[in-house]
Amino acid sequence: MRAAITRDKTLIVEQVPDPVPLAGQILVRTLACGICGSDLHALSDPDAFMATTRRSGGTPYDPRDGLVFGHEFAGEIVDHGPDTQRALPVGSIVCGPPIGIGPQGAGIIGYAPMFPGGYGEYMILNEGLTMAVPNGLDPKIAALTEPFSVATRAVGRARLAADDVAIVLGLGPIGLGVVAALKSRGHGPVIAVDFSPKRRALAEGLGADEVLDPAVASPYDRWTTHGVPTATVERIANEVLGVSSRGSVIFECVGIPGMLQQVIDGAPAGGKVMVVGVCMQSDTIEPGVAVSKELEIIGSFGANPQEYRATLHDIAEGRIDAGSIITGTVGLDGLARAFEELGRPDAHAKIVVDPTL
């Protein structure tokens with residue numbers, strides 16, 4: 001098959017052997033695969049990517065050494081491996097969480113050599129984790145279930161009360177997914193923040209109640225407007241008097257050094273900070289400020305299969321307009337250029353790869 005292979009810090013399209021499904025696995029022809037920011041990080045800074053994976057308990061494979069990236073995928077079943085149920089027939093359009101399991105081991109699809117991702121013409125998936133794409137949903141949109149399910153998990157882990165004020169910092173695909181997940185559950189107000197006018201417009205289309213350019217106005221000036229007490233003493237006084245205080249959640253979806261401390265400085269007392277952006281460099285924070293404010297700092301990463309399935313149905317049934325963030329489509333030969341363009345945030349939000357082009 002043709003596939004875009006990582007070589008050093010570049011992507012090279014080559015002919016490689018077709019993957020072969022083993023026990024409990026199926027072979028799919030890739031129809032669409034989203035380009036994730038994690039792929040950009042892994043290719044440009046493989047040492048940091050591997051160190052982060054290793055220190056968080058994973059088994060890293062070197063992105064310079066011939067991986068086929070692509071973990072946001074949809075495809076068509078073309079064959080069943082041995083010992084499969086064959087519940088979904090050949091020709092079914094499917095997607096699923098990027099969890100590779102089988103006799104060859106376990107790993108994240110697209111980041112393990114035994115589980116090539118959607119930047120190739122074929123993939124092998126675990127039958128038990130593969131889901132039929134419902135309602136005739138376009139495979140390009142179905143492929144975006146993965147990043148939107150990451151946002152679903154982050155919103156779930158935030159445990160928002162009905163009237164909590166939510167600020168979403170950074171409107172890349174994950175941040176936009178957080179906006180969509182919040183609004184699909186009826187939360188508000190949701191304040192979406194990004195320097196890019198294009199991304200702010202996409203957030204508005206997904207239901208954000210306010211959009212802010214941080215070069216013009218600070219999102220942290222909005223707490224008092226929305227009735228959120230900012231001082232610890234004020235919140236404690238409300239507790240003593242039995243007065244309810246409106247809560248707050250800040251979703252940090254940027255993932256660059258210095259961002260988390262900015263959030264800690266800007267957060268109101270008693271607030272929650274959801275760290276969704278993956279910063280792969282060393283950073284420094286001042287714990288005393290977070291402690292004095294009694295902040296909850298919570299990490300969130302990939303979604304589980306239940307969250308993936310719920311998100312797929314939210315998209316297929318129109319509660320989340322995932323397709324609205326697609327700003328480009330390329331074939332395998334256009335991948336390297338697409339990686340360059342995604343480095344400019346006002347050029348694109350999400351580019352989808354179609355290996356059939």
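The expected span of a helix is 1.5 Å times one less than its number of residues. Helices (H or I, at least four residues) and strands (E, at least two) are DSSP runs, numbered from the N terminus. The model is predicted: local features need pLDDT of at least 70, side-chain atom pairs count only at pLDDT 80 or more, and totals for chains, interfaces and linings use all residues. Residues are numbered from 1 along each chain as its sequence is written, and side-chain values use heavy atoms, with hydrogens and water left out.

**Exercise 1.** Determine what distance helix H4 reaches from its first C-alpha to its last, and how many of its residues are buried.

*Solution.*
1. H4 covers residues 145–158, which amount to 14 residues.
2. Its reach is 20 Å, close to the 20 Å expected at 1.5 Å a residue.
3. Buried denotes under 20% relative accessible area, exposed over 50%, and partly exposed in between (1.4 Å probe, protein chains only).
4. Because 11 of the 14 residues are buried, H4 is largely enclosed by the rest of the structure.
5. The buried residues include Glu 146, Phe 148 and Val 155.
6. Just after H4, Arg 159 adopts a positive phi of about 50°.

**Exercise 2.** Identify which strands are joined to strand S3 by bridges.

*Solution.*
1. Two strands pair if DSSP finds at least two bridges between them.
2. S3 (residues 25–34) is mostly covered, with nine of its 10 residues buried.
3. S8 (residues 122–126) runs antiparallel to S3 and is joined to it by five bridges; Val 28 stands opposite Met 123 in S8.
4. S4 (residues 72–80), also antiparallel to S3, is joined by eight bridges; Thr 30 has Gly 75 as its bridge partner there.
5. S17 (residues 350–353) is joined to S3 by two bridges in an antiparallel arrangement, and Cys 33 is partnered by Val 353.
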